[in-house]
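Hi everyone, and thanks for coming. I'd like to walk you through a structure that may be new to you, so please have a look at it with me.

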Amino acid sequence: MSPSTRSESVREVRVLSVVGTRPQFVKLGPVHTALLRAGVDHVVVHTGQHYDPLMSTSFYADLALPAPDVHLGVGSMSACAQVASMMLACEAPLRELRPDVVVNYGDTNSTLAGALAAVKCDLPSVHVEAGVRSFDQTMPEEINRICVDHVSALCLAPTPTAVQNLVAEGLGDRTQLVGDVMADRLRMTLQTVDDSDVAPGVDLDRPFILATVHRPENTDDADRLRSVLDALAASHVPVILPAHPRLIDRASAAGLQLERGAISVTDPLSHRSLIATLRRARAVVTDSGGVPKEAHLLGIPCTTLRSTTEWPETLADGANVLCPDPEHVIQTALRSVDTKPHDISTSAAESVAAAILERFGSTP
Ligand code: UD1
């Protein structure tokens, strides 16, 4: 739908969400439901950062999300060009749809572009998942998170640690603790999955490791990527590896085969399939931001193939261990640890909607 054809119905508040990547579609779902329940006119703009059907449209169908109202179609390019193009493309819908507030989720280039475009169009930005920090500024996501928090009018934090981080950066007066929309999402997803959703090729009668690898720090250097794949291939427990396009692209450029030894490769999984597979895994090895959180909530032992995490809570009970050295990753993954599921009877998305309405609810 073009911006100008959307109905100008009488409304209390119009919220425009900017999304563009898998983790943002995952977070959008519960917030969209809560905003509609609160009577908000909710418009969704998709930047196009993720565009392959398995990275984008299939997520919409899988998560029962409405089609985006506006698709900017930006796609893959250098980070500078991508952020600039998304900002530029956002301007027309922001000006034409005249939302009261623009909501940005997480820490991707789409998050940064959405927040900067909003404030440059004199619209307030709200950041969902504010205050999350890895304290590693070599990560593009860390720069995105910091910038978005500092330009946003309202920082909605998922955890007390995130609140502390925002207070330490002088942003306490714009911060509210709302809880974790990922926990809301997980609860919603678990209600709909069963073993028929488990990734193809998994033998549920045998223990297996689920692995995901897509961070530039693990994929973009050929030697590093080779040692990661060698370690996974040498596992004595089968490894199921849903391959992100970046992994396929970088492995192919480096002349590295993905499917070898213990590794079975699948296409990128839908969210439901990822959760169905994760909850049956003996362990997960990942460099994702979201998967360690989901593993922690489900009580599945996680090994993070990085030296930092933006979710320190997951380290507290030993459920997640940082293991930047690929050589030790399988041994660490198969450690014996007593993990247990955590509470997902949350209502973070309702708190997001309430915070937005409280702050921006009465338009003149
Ligand atoms: C982005 C996010 C990352 C998030 C991840 C989830 C940033 C800086 N990074 O990383 O935080 O964890 O999404 O998946 O925003 N590609 C395709 N098809 C697609 C999308 C990408 O082939 O639909 C390929 C392209 O070669 C592209 C590469 O993947 O250059 C990387 O994509 P990009 O969106 O830049 O970053 P991600 O690695 O997906």
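Helices and strands here are DSSP runs, numbered from the N terminus, with helices being H or I of at least four residues and strands being E of at least two. A64 is not a glycine, yet its phi is positive, about 55 degrees. Its relative accessible area is 68%, so A64 is exposed. On that scale, buried is under 20% relative accessible area, exposed is over 50%, and partly exposed is in between, with a 1.4 Å probe and protein chains only.

A word on where this comes from. This is a predicted model, in which local features need pLDDT of at least 70 and side-chain atom pairs count only at pLDDT 80 or more, while totals for chains, interfaces and linings use all residues. Residues are numbered from 1 along each chain as its sequence is written, and side-chain values use heavy atoms, with hydrogens and water left out.

Now the whole protein. There are 14 helices and 13 strands in it. Its radius of gyration is 20 Å, close to the 21 Å that the globule rule gives for 364 residues, so the protein is as compact as a globular protein of that length. That radius is taken over C-alpha atoms, and the rule is 2.2 Å times the number of residues to the power 0.38. The C-alpha trace spans about 65 × 40 × 40 Å along its principal axes. Of the 364 residues, 57% are buried. If you count contacts (heavy atoms within 4.5 Å) with a separation of 6 or more, 69% of them are between residues 24 or more positions apart.

Take V15 as an example: leaving out residues up to four places away in sequence, V15 touches L35, V40, D41, H42, V43, V101, V103 and I356.

Next, helix α4, residues 109–120. How far apart are the end C-alpha atoms of α4? They are 16 Å apart, which agrees with the 16 Å that twelve residues should span at 1.5 Å a residue. The expected span is 1.5 Å times one less than the number of residues. Nine of the twelve residues in α4 are buried, including N109, L112 and G114. The buried residues of α4 pack against several neighbours, including β1 (14–19), α3 (79–97) and α5 (140–151). At the start of α4, a side-chain oxygen of T108 comes within 3.2 Å of the backbone nitrogen of S110. After α4 comes D122, with a positive phi near 60 degrees. D122 lies in the loop between α4 and β5, and its relative accessibility of 71% makes it exposed.

Let's move on to helix α9, residues 222–233. L225, V228, L229, A231, L232 and A233 are buried there. D221 caps the N-terminal end of α9, with a side-chain oxygen 3.2 Å from the backbone nitrogen of D223. L229 leads us to E259: their C-alpha atoms are 9.2 Å apart, although they are 30 residues apart along the chain. E259 is in the loop between α10 (245–253) and β10 (263–266), and is partly exposed at 41% relative accessible area. The side chain of E259 reaches the backbone nitrogen of V265 at 3.0 Å.

My last stop is T286, in strand β11 (residues 283–286). Is T286 buried or exposed? At 0% relative accessibility, T286 counts as buried. Its side chain and that of T212 are joined by a polar contact of 2.6 Å. A polar contact means a pair of N or O atoms within 3.5 Å; within protein, one must be able to donate a hydrogen and the other to accept it, and residues adjacent in sequence count only if both atoms are side-chain atoms.
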